[in-house]
Amino acid sequence: MSLSIIQAGSFTTVQDGGRFMQAHWGVPVSGFMDKVSAQLANKMVGNQPCQGLLEITWTGLELISNVACTVAVAGAEFNYLVNDRPVNTDQVIHLNQGDCFKMGHLEQGVRAYLAVAGGLDVPLIAGSQSTLSVAGMGGYRGRALRAGDELPLRKPAVVNGISKPNWKKIQTPDILVVRAKPGPEVNRFDTATIRQAFGQVYHLSQDCNRQGFRLIADSLTHPTDFSMKSSGLLPGSLQVTPDGQTILAMADAQTTGGYPRILVVNQDELHKLAQARPHQQIYFFVEV
Amino acid sequence: MSTIRIKKVLANGDCALTFYLAKSEHRLAAIHGLCAALRQRPLPNMINVIPGMADITVVFDQVVQNPEPSIEVIERLLQNDWQTCSSQTHEIPVCYHPELAPDLHSVCEQSGMEQEALIKQHYEQEYQVSMLGFLPGFAYLDGAHVSWNIPRKSSPRLKVAAGSVAIAGQQTGIYALESPGGWHVIGRTPVTMIDWGQTQPMLLNPMDKVRFKPIELEAFKALCP
């Protein structure tokens, strides 16, 4: 009972709701980057919302199902084909044994989620199926999928499922607005820098992955004589490096950091950033 | 035992609170003791707890409207319930052979120390694990008699072998997993640092004591799993 991976896509990993209560061992939370889309895919096929599924980044995969099962996709909009015929992903997709499921061109967003009814049969490591590829930990053999992999399924099932609500499409506005709060070290910066940081528009750079997003904007004045002891780092923390540049921590970010955090994105806004592409303009709406 | 005081509490985003503890001799022990206590008996809606070097961050699955109840619990735990965590002492074999120590030569050039003197100083003292972080199981070790102070490499190495023992600043670190890394590798241990199959997957835990035992290359190879 498995999915045979014909083409894996550029970065496809198993992710679930995340790995919690392990920070004292230096273990990041990981988990879905776009929680809303991932949970939607799971719900469509009747899985638990935080169950493990595939997070597919930038380029789609192609697989053959070795068993009859129901799947659903949500998140980034790709063209989807089953046995070379386009399928409507507003509904769940029933695959027969031997069917070929293929993702074509990426239309919108960055990360798509493929849930299989009954879930994936990969081990729980420290309580989670999520892959932390930089540490070779969790997921399928601690790494992104490759062509030739056989991804085991737990209890593959054919289910009626539910359809996708109409509104759940990835939007790409000119400026992505995300709500945030002032960060723990905000008062270490001077007033003009804070005003600048909260007022300017940032561009997402090419350097954006599950660990963090480097943002591009006018450089911020780093506090002088700054020192801080390593402190708990949350995904969504905007860290200012000594050269005045900014790095936004994401799901696989290290558990603690030593750069001052000028703002922290509200946790239920993080999913929006998961679908942003390089050059996307981002504005942090900071509620003081 | 001296009392540990909360110095301040700050929001860390909308769903987390960071409790900064006042400086004291037992601050780090209190942080890890408190974290252990909170993992055993989490606060309502708490999903994660992150020990820092001077603070503790508690993460909730919802927006923090009122921090007061959490502050009260933490204050109470700091008054009585945090025990010094059970600290173990480990003797870790390390091979300082140049084959396993790609940065030993450059570190000595940079610091002006003789290789033998650096190695001797490195294994002749006891360290404390101040935290695990950066990546799962990476142990930050502090020793009382450290004379090196070396900035991190300007460009990190893409692949550092698991078990690598490295220095940066005045600290020593042990890479539990193969990973990228910016510290200067001066040796390697054959010991397995992480085994996820165990209920206690980490060999080293915060506040543990560590001593290094120098071994020859042959012994290293014989000890490799």
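Trainee: Among contacts in chain A between residues at least 6 apart in sequence, what share joins residues at least 24 apart?

Mentor: 76% of them do. Contact here puts the two C-beta atoms, placed from the backbone, within 7 Å.

Trainee: What kind of model is this, and how are things numbered?

Mentor: It's a predicted model, so local features need pLDDT of at least 70 and side-chain atom pairs count only at pLDDT 80 or more, while totals for chains, interfaces and linings use all residues. Residues are numbered from 1 along each chain as its sequence is written, with chains lettered from A and ligands numbered from 1 in the order in which they are written.

Trainee: OK, how many helices and strands in chain A?

Mentor: Three helices and 18 strands. Those are DSSP runs, numbered from the N terminus: H or I of at least four residues for helices, E of at least two for strands.

Trainee: Where are the domains in chain A?

Mentor: Domain 1 is 2-152 and domain 2 is 175-286; the bounds come from an automatic or database domain assignment. Taken over C-alpha atoms, the centres of the two domains of chain A are 28 Å apart. Their contact uses 19 residues of domain 1 and 13 residues of domain 2.

Trainee: Which elements supply at least two residues each on the domain 1 side?

Mentor: Helix H1 (35-44), strand S5 (69-82) and strand S8 (100-116) of chain A. By class, that side of domain 1 has ten nonpolar, six polar and three charged residues. Nonpolar covers Ala, Val, Leu, Ile, Met, Phe, Trp, Tyr, Cys and Pro, charged covers Asp, Glu, Lys and Arg, and the others, Gly among them, are polar.

Trainee: What about the barrel in chain A, what's the strand order?

Mentor: It's a closed barrel of seven strands, S10-S17-S14-S15-S12-S11-S18, with mixed pairing. Strands pair if DSSP finds at least two bridges between them. The twist averages 40 degrees from one strand to the next; axes are lines fitted to C-alpha atoms, for helices over the stretch in contact, and angles run from 0 to 180 degrees between N-to-C directions.

Trainee: Which strands of chain A does helix H2 touch there?

Mentor: H2 (191-199) touches S17 and S18 (281-286) of chain A as it packs on the sheet, at about 30 degrees to S17(A). S17(A) also pairs antiparallel with S10(A) over three bridges, and Lys181(A) stands opposite Val264(A) in S17(A).

Trainee: Switching to chain B: what's the order of its open sheet?

Mentor: Four strands, S1-S2-S4-S3, in antiparallel pairing. S1 (6-11) and S3 (46-51) of chain B stand at the edges with a single partner strand each, so one side of each has no neighbour in the sheet. In this sheet, neighbouring strands are turned by 20 degrees on average, direction ignored.

Trainee: How many bridges join S2 and S4 of chain B?

Mentor: Five. Ala16(B) stands opposite Val59(B) in S4(B). Helix H1 (27-40) of chain B lies across S2, S3 and S4, at about 165 degrees to S3(B).

Trainee: Is Asp55(B) buried or exposed?

Mentor: Buried, because it has 27 C-beta neighbours inside 10 Å. Asp55(B) is in strand S4 of chain B. Leaving aside neighbours within four places in sequence, its contacts include Thr18(B) and Phe19(B), plus Ser231(A) and Gly232(A).

Conventions: A residue is buried if 20 or more other C-beta atoms lie within 10 Å of its own, exposed if 12 or fewer, and partly exposed in between; C-beta atoms are placed from the backbone.
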